[in-house]
Amino acid sequence: MGIEESESDMSGGAIAYHLRENKAIERNLFIDLLAIVGRVKNISEYTYSGFGGPFLEDFKAIHSALRITKMNSIEKDENVWQRQAFNRPSTFIALHHCKSGDFLRSHEFIDGNIVWLDHTSPKGLYENLSDFQLLVSKLGKYDVAKITLNANADTLGHSDQENRSAYRLKKLVDRLGDYGHSD
C-alpha cells in the first residue's frame, strides 16, 4: 500500500500562513457557500469541527459570519493545543487534543455538522482520505464536509534516474494506495 509516516493532521502551528496567501480567500468562499446552505437550514445551530491552529482563525471567522456557537477544534500538537487554550476567544470552542482520526472515530455527529479537514502535510494522503471516508459515513442529510489536501507537486520530489513526471506519478500512486486508479 505504500503508506509513509503520517503527519496527516500536521499542526497548524508549523505552517507559515503568510506563505499560504489563498487561505483567507478559501475560508471566505467556504463561508459564502455555508451561507447558501443557511438559506435551507438554520446553519447557526450546526456544530463546526476542524483544525484550529494556534489562533483559531477559521473558528473566529465562521462564528462571526454564521453565528455558530458549537465548535470543536482538533489539534494533535501539545504546544499548539496549549496555545489554543490561551488564545481561545470563547468557551463554546471545545479543544480536543488528539489526532483527527481519533476524533472522527470517537465523536458522534448529530443534529447538523460542518467539518473541514484542512490538511497541510503531503505525507499522510492515504490516511487523510481514509479519515474523510469515515467522516462522510458518519454524517447525515444537510451536513457539510470539506477536505483540503496539499497538492503541491514539488512535495512528491524528483529523481535523476527517471523522468520527473513519471517519478511523481509513481510516488502519488504509492501515497494514494487503494484510493488511486487501478491502472
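## Helices on the sheet

Let's start with α2, which lies across β1 (47-50), β2 (70-75), β3 and β4 and runs at about 165° to β2. Helix α3 (residues 78-87) packs on the sheet too, touching β2 and β3, and its direction makes about 165° with that of β3. Helices (H or I, at least four residues) and strands (E, at least two) are DSSP runs, numbered from the N terminus. Contact means heavy atoms within 4.5 Å; axes are lines fitted to C-alpha atoms, for helices over the stretch in contact, with angles from 0 to 180 degrees between N-to-C directions.

This is a predicted model, where local features need pLDDT of at least 70, side-chain atom pairs count only at pLDDT 80 or more, and totals for chains, interfaces and linings use all residues. Residues are numbered from 1 along each chain as its sequence is written, and side-chain values use heavy atoms, leaving out hydrogens and water.

## The sheet itself

Five strands make an open sheet in the order β3-β2-β1-β4-β5, with parallel pairing (two strands pair if DSSP finds at least two bridges between them). At the edges sit β3 (93-97) and β5 (144-148), each pairing on one side only.

Strand β4 (residues 113-118) is joined to β5 by five bridges. W116 has K146 in β5 as its bridge partner.

## A helix pair

Helix α5 (residues 125-138) packs against helix α6 (residues 164-176) at about 40°, with axes 7 Å apart. Here L125, Y126 and L129 of α5 meet L172, R175 and L176 of α6.
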